[in-house]
Each structure stands twice: as C-alpha cells, then as structure tokens.
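Dear colleague,

I am handing over the structure we spoke about, and it is placed just below. After it you will find what came out of going through the model, arranged by topic.

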Amino acid sequence: MPEALLSAIGAPRDVAAIDIGSNSVRLVLYRLEGRAIWTVFNEKVLAGLGRDLAATGKLSVEGAAQALTALKRFAAVIDGVQPAHTFVAATAAVREAEDGRAFCDRVAAETGLRIRILSGEEEARYAALGVLAGIPDAEGVVADLGGSSLELTRVEGGTVGRGVTLPLGPFAMGDQKGDDTDRRRAAIASRLEPANAYRTDTLYAVGGAWRTLAQVHMDVTGYPLHVVHQYAMSAADVRETARLIARQSKASLEKWPGLSKKRAETLPHAALVLEGLIERLGLKRVMLSAWGVREGLVYEALDAETAITDPLLAGSSALGARQGISPTLPGALRAWIDPVVGALPASFGKERDAVLADAACRLADLGARLHPDHRIELAFDQVLRAPVAGQTHAERAYLATAVNARYGGSSATPEPATISRLLTEEQRKGGRALGLAIRLACDLSGRSPQLLVNARASVKDGVLGLTAAEGYADVLLGEQTRRRGKALAEAMGLKLEIAGRE
C-alpha cells in the first residue's frame, strides 16, 4: 500500500493517475484538499489495446502504437506539472496479453513511466474503493466494465468484499459483427453464470460505456441535470434504454450528439451486458459512479483520518473557504440554526438532514465574491452542478434551494422545472427554510461568529422565538432581523416573537 498522501490538516496537493485499459488510455490530474478530490485535467485516447486480444492473444499493434504516443504525451504533462504522486496502472488487456510485460518495459524505456499491472482481483477492489470514495454509503455490487473484462465486487458497510473478473468486455467476446442481438445476449448470459453469488438490489456502474448509456437516457427522458455521478435509473429504465441502443445501427449511433465513432462500436455490447446483469442479479436499480479504479488508487493512499471524512462536507468546505469567509463561521452557523433544523419535517431522514444542514452552512458565503446582480443564479448553479461527491441528485437540488434562499432568491428558484423534477414539495420547502435560517443568522450577525453567539433562535409551541443576550438586543434584533425572522417563520408555518433579552 502506498504511503499516505495527505492528512486532514495538510496543504492541498496535486496527484496524477494514468489508467491503461483495454479500450482507453487516460491521464487524470487531481487536486486534493483533504478529502475533497477535484479533477483538474482529464485526457483520454481510445487506443483499443485489447481489440485483437481474443483472436491473437496479443495487444493490438495499432493500439499499442497509439497508447505509447499517448503515454509519451502524458509523461511530458506530468513532468511539467510535477505532481506530488503519480499512479500508473494497467488492467485486463496488458494483464492477459502475451506481450503485455514487453509493452510495459517499452513504455518504461521510452517514457520513464513504471506501470503497475493490476490483477483481476486488484482491479475489482480498486473500482469498488473508487465507488466508496465517491458514494460512501454505497450498498450493493460494483460493476466495472472495460474493453476486455467485467469486474464485480460487493460493497457493504463501507467495506469491499471479494471481487470476480469475467471475460465480458467487448474485445473479449471476439468478432461478433455477424451476430444478431439475441445470439449476443445469450453469449453474455452464459458468461454471467459465475455472477449468481452477487445478487443485489443496487448495482453501481463504472465505465465509460455505461456513462454514455446514462447520458442517452438523460437525453431521451429530458432529464434536466446532466451530472452522471450518482445518476440513478430503475431496472425498467435500463432495459428500455438498452433495447433502444441495441436496435440502433452503428451509423445511427455515430450520429448521436457527443457519441464518438469508437464509443458507438462498443455501446450496444455494454447495453446488453447491463441488461444481462439486471436479469442475473435481480437488480432493482442502477446508479452510475464517475469514480472508479483511478480514484480508488488515490483513495487508498489517503491517511486514515482523511479517508473517513464525508466527501460532501469536505467538498462544501473547500468551495466555501475559497470565498474568504471566517473558518469559524460555518460551525457557528450550524450551532445557531440547530433548533430550527430540529423543528423541520424530515426531508431525507433526520440524520441525513443534519449532514445536509452542515454542508449548507459550509456553503453559506459561496456568493461573497460574485456580482450582486448575478449572485443568486451563479451560487445556485454552482451548488447544483459542482463536482462534489457524496450527494444524490435530489440532495444537490436541496442544497441549491437552500443557497438560493440564503441569498434572497424567490421560492421558485432560478430553475423551477429542475427543482420540481428532483424534489418533492416537502423537500423543496425544507431546503428553502434551511436557507432562510442561514440568511437570518448571517444578516443578524453581519457574518460574525462573535456577535452570533449573543443571539438565539428557538422553536416551541408554534412560535419561532428570537432573543439576545443582555446589552445586545438593540444591535442584533432590529428591523432587518425582524424581516428575516418573519420570512423564516412564514416558511415554517410559525408565528414570530422577538424578545429584548434571553
């Protein structure tokens, strides 16, 4: 196991990860801020290293040449960026090819990059670790589909179970251009027989082809939030989308917006594998994970204290801290609004609501440096779409609704259709009340934790009460506080009472 990269109190660092897969070769540069992992550069080449593996037992000659060219460029980028750590890993194609080791030796000689060849079990484990890094409460089975193989790994209680590798990538199935859909579906079902031990309700899908399938479903259904990570589809949704894709000709798929020619070649196979997994595992839903093997490698290298931090809270802290707020303000806000949060009807469950309230407080000054004429829209959009892991799409909408209210936005929000699609009416009201509570606390105190501790909010017997410590009533409980308090009380269906002192 690699040494710890970053402690919870360490300075931000850059790390690089190169993933040499059967279909693609990719470089990702990350900025680590504690548990927050930001992708700052991402480049891939669809080299198709494993394209000829089933027929020849060797890497594709053309694919190896393309991969080597890409790796030379990646090595130059890394040399220029000088990241603190670099991970270079190869998966199924290099692992299984007769000339896989020779390819690694050539890469080392010509680029200086030392490739770690992952075993099938290691590949499955790192894919699962990557999913847990981005979705800490994942419960079910992780499925990582590459060009040559499919890895299945059970995740439960934040731990990774034993994984299995199956020869189900499109390149492992050989040349099946003449096969009809039913014949290929039967071949996939046969190779999925060892997966019987992985029955589950929820599958966490990893891999570029499945991300593309999810994007197809978003386009077909008019889904308003184009964020693939933690995008959820029911089994029925997946079947319908898979069958739609399977019916398309290669020429038709190539015309699909944003779909490359090489991805169009493998997408129908990926759709059929996912369809087969639904049948074999008895799935009820599929959730997409944008994090996989690369993020798993990075996550494993974090020290224990950092690794157990909630990625949503870490990401929210990193975003909020860039606006120059007092590092003590989020904690002061969270303590001050606690009586209000406790009185709100549960939106996602009381325990989860408390975490979301914490995240909202860490985002409380996200718009501090934005132009006041555009602050509401820009802050709302950033919270809704920022690449912060550890939150469902509904939770994104909830936090965006809260930030909208925190800056005085109307109850409609800048994107009413998106919010109504993602949240129930009760969740929308809860998010708005949370934001109004933060707005009250910030405006009452001028965003000063020292002043905030001299006022208190309470909710009892249908009344929102605001009081101040002796000597602070005149400076804290004025007309603006009354307006902010009234807005919050109305949102919660309460009466407002303001007393002179506690």
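Helices α16 and α17 are roughly antiparallel to each other, because angles over 145 degrees count as such and the two pack at an angle of about 160°. Please bear in mind throughout that this is a predicted model. Helix α16 covers residues 375-385 and helix α17 covers residues 393-406, and their axes lie 8 Å apart, with α16 passing α17 in a right-handed crossing. On the α16 side the contact is made by Ile 376, Ala 379, Phe 380, Val 383, Leu 384 and Arg 385, which meet Arg 396, Ala 397, Leu 399, Ala 400, Thr 401, Val 403 and Asn 404 of α17. Sorted by class, the residues of this contact comprise 9 nonpolar, 2 polar and 2 charged ones.

From α2, the residues Ala 64, Ala 67, Leu 68, Leu 71, Lys 72 and Ala 75 meet Phe 103, Arg 106, Val 107, Glu 110 and Thr 111 in α4, and the contact consists of 7 nonpolar, 1 polar and 3 charged residues.

Turning to the sheets, there is an open sheet of 5 strands, with mixed pairing, in which the strands follow the order β3-β2-β1-β4-β5. The edges are taken by β3 (36-45) and β5 (116-117), each of which has a single partner strand, so one side of each is left without a neighbour in the sheet. Helix α11 (residues 293-300) packs on this sheet and touches β1, β2, β3, β4 (85-90) and β5, while its direction makes about 35° with that of β2. Within the sheet, strand β1 (residues 13-20) pairs with strand β2 (residues 25-33) in the antiparallel sense over 8 bridges, and Ala 16 stands opposite Leu 29 in β2.

Another open sheet has 6 strands, in the order β8-β7-β6-β9-β11-β10, and its pairing is likewise mixed. Its edge strands are β8 (159-166) and β10 (232-234), and since each has a single partner strand, one side of each is left without a neighbour in the sheet. Direction ignored, neighbouring strands of this sheet are turned by 25° against each other on average. Strands β9 (residues 202-206) and β11 (residues 285-288) run parallel and are joined by 4 bridges, with Met 287 in β11 as the bridge partner of Tyr 204.

There is also a hairpin, formed by β12 and β13, with 2 residues between the strands, where Asp 461 takes a positive phi near 55°. Its two strands, β12 (residues 455-460) and β13 (residues 463-468), run antiparallel and are joined by 6 bridges, and Lys 460 stands opposite Val 463 in β13.

Finally, a word on the annotation: an unreviewed UniProt entry gives "domain: Exopolyphosphatase C-terminal" for residues 351-498. In the model, that span is 59% helix and 11% strand, and the C-alpha atoms at the ends of residues 351-498 lie 30 Å apart.

Conventions. Residues are numbered from 1 along each chain as its sequence is written. This is a predicted model: local features need pLDDT of at least 70, side-chain atom pairs count only at pLDDT 80 or more; totals for chains, interfaces and linings use all residues. Side-chain values use heavy atoms; hydrogens and water are left out. Two strands pair if DSSP finds at least two bridges between them. Contact means heavy atoms within 4.5 Å. Axes are lines fitted to C-alpha atoms, for helices over the stretch in contact, and angles run from 0 to 180 degrees between N-to-C directions. Angles under 35 degrees count as roughly parallel, over 145 as roughly antiparallel, 65 to 115 as roughly perpendicular and the rest as oblique. A crossing is left-handed if the near helix is turned anticlockwise from the far one by less than a right angle, and right-handed if clockwise. Ala, Val, Leu, Ile, Met, Phe, Trp, Tyr, Cys and Pro count as nonpolar, Asp, Glu, Lys and Arg as charged, and the others, Gly among them, as polar. UniProt positions are given in the numbering used here, feature names are shortened, and annotations may be inferred rather than shown by experiment.
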